[in-house]
Amino acid sequence: MVKRSYNQTPIKAQDPKVRARNFDEVVLGYDLDEGRLEASRCLQCKNHPCMLHCPVMIDIPGFIKKIEDGDMDGARKIIAKYSNLGAICGRVCPQEKQCEMACTLGRSKKFEPVAIGKLERLVSDWDLDNPEPVKAIPHDKGRVAVVGSGPSGLTVAGDLAVKGYEVVIYEALSTPGGVLTYGIPEFRLPKATVKKEVDRIRDLGVKIETDVVIGKTITMSELVEDFDACYVGVGAGAPHFMSIPGTNLMGVYSSSEYLTRINLMHSYKFPAYDTPIEPAKQVVVIGGGNVAMDSARSAMRLGAENVSVIYRRSLEELPARIEEYHHSVEEGIQYHWLTNPVAYLGDENGQLTGVKCIKMALGEPDESGRRRPEPIPGSEFIIPATTAIEAIGQGANRVMLDTYPDLQTNKWGYVDANEETCATSVPGVFAGGDIVTGAATVILAMGAGKIAAKEIDEYITNKTAKNTSHSA
Amino acid sequence: MFKVTAYERLTTNEYQLWIDAPRIAARAKPGQFVIIRMDETGERIPLTICETNPKDGLIRIIFQVIGKSTAELAEYKTGSELLDVVGPLGTPTAIKNYGTVLLVGGGVGIAALYPTVKGLKQAGNRVITVLGAKSKDILILRDECAKYSDELILMTDDGSIGRKGLVTEAMEDVFNREQIDQAWAVGPGIMMRFCTQVATKHDVPVYVSLNPIMIDGTGMCGCCRVTVDEHIKFACVDGPEFLGAGVDWDSFMQRMRQYRVQEKQAFEQYEQLRQVQ
Ligand SMILES: Cc1cc2nc3c(=O)[nH]c(=O)nc-3n(C[C@H](O)[C@H](O)[C@H](O)COP(=O)(O)OP(=O)(O)OC[C@H]3O[C@@H](n4cnc5c(N)ncnc54)[C@H](O)[C@@H]3O)c2cc1C
Ligand SMILES: Cc1cc2nc3c(=O)[nH]c(=O)nc-3n(C[C@H](O)[C@H](O)[C@H](O)COP(=O)(O)OP(=O)(O)OC[C@H]3O[C@@H](n4cnc5c(N)ncnc54)[C@H](O)[C@@H]3O)c2cc1C
Ligand code: SF4
Ligand code: SF4
Ligand code: FES
């Protein structure tokens with residue numbers, strides 16, 4: 001046998017100089033040979049720690065073995081047991097903090113972990129290109145309504161359809177997918193891939209009704225009345241603003257607006273698409289998460305002269321995926337660590353001209369154990385900017401919640417649901433994903449959908465059994 | 001797909017559509033709006049629901065052509081189909097019996113005011129309505145507003161119908177004459193701002209309907225933010241109606257101009273294309 005390489009099999013990616021100016025996917029993916037080579041690095045550990053650190057517990061050594069054997073059909077069948085959205089998770093999961101972090105190979109000094117995410121992507125992309133005919137299943141076990149078509153809603157819907165339920169997903173926007181469609185940019189997650197995954201859920205018999213805002217177009221009470229059970233997966237995309245002076249100047253955006261204009265409305269193709277976006281010249285992004293990286297890298301692709309990210313802590317605390325951070329640096333994005341904005345400055349026409357910032361120093365640790373950044377008096381300085389994008393976090397989507405007070409929420413405004421069962425304060429109404437946890441990850445939202453599908457199946461089965469025994 | 005069931009050109013620049021949208025028709029209340037996207041490359045345009053016919057599942061909208069998207073919408077004749085129509089969005093007008101109410105509408109804002117006139121009349125108010133326009137031939141919904149108003153005052157810039165002058169002059173007269181319990185003003189930003197000044201001077205609370213640029217219309221982007229009583233509010237969910245006295249008018253009107261250069265570019269390109277075809 002060939003000696004195991006210390007490093008992961010290199011993956012093709014667009015050259016940073018080129019890709020910084022286009023919206024095409026950055027990472028190009030393995031071909032079958034590269035995949036087999038990478039798969040051969042796996043030790044096939046009996047205790048499979050990788051699996052235990054995957055939120056949906058995919059049989060990782062199992063599917064990797066199949067790749068090594070060249071059995072792609074076998075590999076896809078294994079992944080399908082655990083995940084409906086492999087092509088998405090393989091691309092955007094924070095693998096380095098989950099499966100790959102636990103990988104035995106990676107834990108030994110010299111070796112990099114097996115590239116589990118990239119292998120998962122390989123299998124799932126192959127699967128999307130070589131679809132299996134779906135068997136027609138009768139949907140006669142009951143009817144379930146799903147509110148929101150993000151990863152959480154899609155997962156619960158797909159699983160329930162397979163179990164024999166008639167499922168209708170209601171989506172407020174014109175296109176399904178939630179954050180996968182309007183938030184995560186094309187260059188990390190091609191919309192064609194999202195569309196294929198969504199179409200596959202449709203092929204299972206799930207009906208998706210777009211342009212329906214639950215709470216406005218149809219009320220939640222009506223759904224509860226009409227369906228045997230409901231799942232709430234409305235996400236947490238409502239932008240927070242720092243509310244510093246100048247927030248209403250032209251050129252100041254929330255990341256939600258900036259990314260929605262680009263991803264959902266395709267404003268980067270203006271005027272072929274009608275929705276405009278400000279030309280990016282000097283861009284400042286505020287925040288340090290994935291959302292900040294996505295905003296900064298999008299601005300670069302819109303042709304910005306320079307883009308800088310300001311973050312109030314330091315690189316060690318950066319919440320974004322490290323791969324995305326590295327990609328952003330390669331693309332020429334600059335960082336101001338330990339910096340916080342205090343005001344937006346504008347000209348007489350109300351156009352943004354700069355962001356006034358202050359330097360921070362790390363003080364005593366706070367409740368989260370992270371050292372709290374504190375402003376250094378007198379350290380103010382100005383970064384010239386024509387566009388500023390706030391990516392400082394989001395809150396619960398409230399449209400439905402505000403019209404349905406029966407559903408209990410917690411002090412942060414998220415739905416109060418049991419994380420083990422997704423049950424809420426209303427019998428027959430289940431909830432999961434970002435609307436329960438606050439902004440989290442695709443795979444956690446999907447995991448909640450998996451749990452909920454099981455619980456909803458049980459709930460309806462029991463209810464039906466009771467009704468039958470009563471009427472008997 | 002949402003079918004246009006009736007199309008009418010009301011004035012040189014204003015059009016009316018009835019659209020088949022049964023769910024929206026069943027639920028819409030005065031003050032609410034829809035967002036329309038005509039086709040795959042279209043932008044999302046918010047338009048007030050002017051009237052509904054729940055029995056036949058229809059909604060009525062009236063719009064003014066001011067840029068590319070509205071010019072294109074004016075091409076959607078009877079029988080054509082709109083890709084997306086979503087609603088009813090926004091918080092409905094607080095319809096109840098206030099006593100005597102004064103409603104002021106200007107230009108295409110009259111379309112948005114009309115359901116409120118009707119609603120307030122049906123709730124038992126004594127309704128005084130002031131409508132303003134440049135001239136007689138572009139004054140819309142005159143007869144319909146008259147039907148639900150105890151008194152209708154018309155104001156035109158050129159005096160071609162009613163009195164010559166601004167709606168604020170008519171407001172002054174009414175305030176000086178009698179006690180008004182609640183007022184509304186719907187129209188261009190500048191008009192609403194002056195109406196707010198006049199009403200505030202007379203200690204009458206006035207609702208205005210803010211129409212900032214919007215994207216999703218469900219509270220998820222913050223594009224439509226306006227500052228009211230020093231707090232950031234999202235017009236698509238918290239509004240579009242707000243008490244005028246608390247509105248930061250300068251920043252509201254400024255933000256409306258954000259995409260002026262691009263809008264002009266899009267419109268010119270559209271006009272050129274249309275001439276070629
Ligand atoms: C820019 C960005 C980048 C990200 N990058 C990553 C990443 O790299 N890796 C990762 O794992 N996670 C990432 N995340 C987080 C991840 O996308 C979310 O955790 C995940 O999408 C949550 O899924 P969800 O199904 O709970 O909700 P969402 O994806 O938010 O979907 C909710 C859906 O519900 C709809 N909806 C809301 N209210 C209603 C209503 N009343 N009626 C009908 N429909 C309604 C919304 O329109 C939306 O489509 C990122 C998030 C953002 C914003
Ligand atoms: C809640 C709400 C209700 C509305 N109701 C009506 C109505 O009943 N009838 C009607 O004629 N118009 C209404 N509008 C305004 C209408 O949405 C805009 O006129 C339309 O979007 C302009 O698109 P356009 O491409 O033709 O013009 P653009 O070329 O996009 O814009 C020209 C100018 O119009 C303004 N504008 C642009 N986009 C918007 C927008 N989304 N909202 C408001 N103003 C904008 C700006 O000042 C801009 O400079 C409403 C707007 C809102 C927010
Ligand atoms: S779903 Fe995420 S955590 Fe699980 S194996 Fe795939 S990449 Fe790893
Ligand atoms: S821990 Fe790493 S080496 Fe072990 S089975 Fe999992 S992927 Fe393979
Ligand atoms: S239009 Fe997006 S929040 Fe109001």
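Q: Which residue of chain A meets the side chain of B:K68 in a salt bridge?
A: This is a predicted model, in which local features need pLDDT of at least 70, side-chain atom pairs count only at pLDDT 80 or more, and totals for chains, interfaces and linings use all residues. Residues are numbered from 1 along each chain as its sequence is written, chains are lettered from A and ligands numbered from 1 in the order in which they are written, and side-chain values use heavy atoms, with hydrogens and water left out. A salt bridge is a side-chain nitrogen of Lys or Arg within 4 Å of a carboxyl oxygen of Asp or Glu. At 2.6 Å, N to O, the partner of B:K68 is A:D274.

Q: How many residue pairs are in polar contact across the interface of chain B and chain A?
A: A polar contact is a pair of N or O atoms within 3.5 Å; within protein, one must be able to donate a hydrogen and the other to accept it, and residues adjacent in sequence count only if both atoms are side-chain atoms. With both residues at pLDDT 80 or more, the number of such pairs across this interface is 17.

Q: Which element gives the largest share of the side of chain B that touches chain A?
A: Helices (H or I, at least four residues) and strands (E, at least two) are DSSP runs, numbered from the N terminus. Elements giving two or more residues to this side include α2 (68-73), β8 (84-89) and α9 (260-276) of chain B. The largest share, 6 residues, comes from β8(B).

Q: What area is buried between chain B and chain A?
A: Buried area is the accessible area (1.4 Å probe) that two parts lose on being put together, summed over both. Carbon and sulfur atoms give 54% of it here, and the total is about 3800 Å².

Q: Why is the site of ligand 1 shared between chains?
A: A residue is near a molecule if one of its heavy atoms lies within 4 Å of it. By that rule 37 residues surround ligand 1, with A:V92 and A:E171 among the closest. The site is shared because the surrounding residues come from chains A and B.

Q: How much of the accessible area of ligand 1 does the protein cover?
A: An oxygen atom of ligand 1 is 3.0 Å from a polar backbone atom of A:S152, and another such distance, to A:V442, is 3.0 Å. Accessible areas come from the Shrake-Rupley method with a 1.4 Å probe. Of the 1000 Å² that ligand 1 has on its own, the protein covers 97%.
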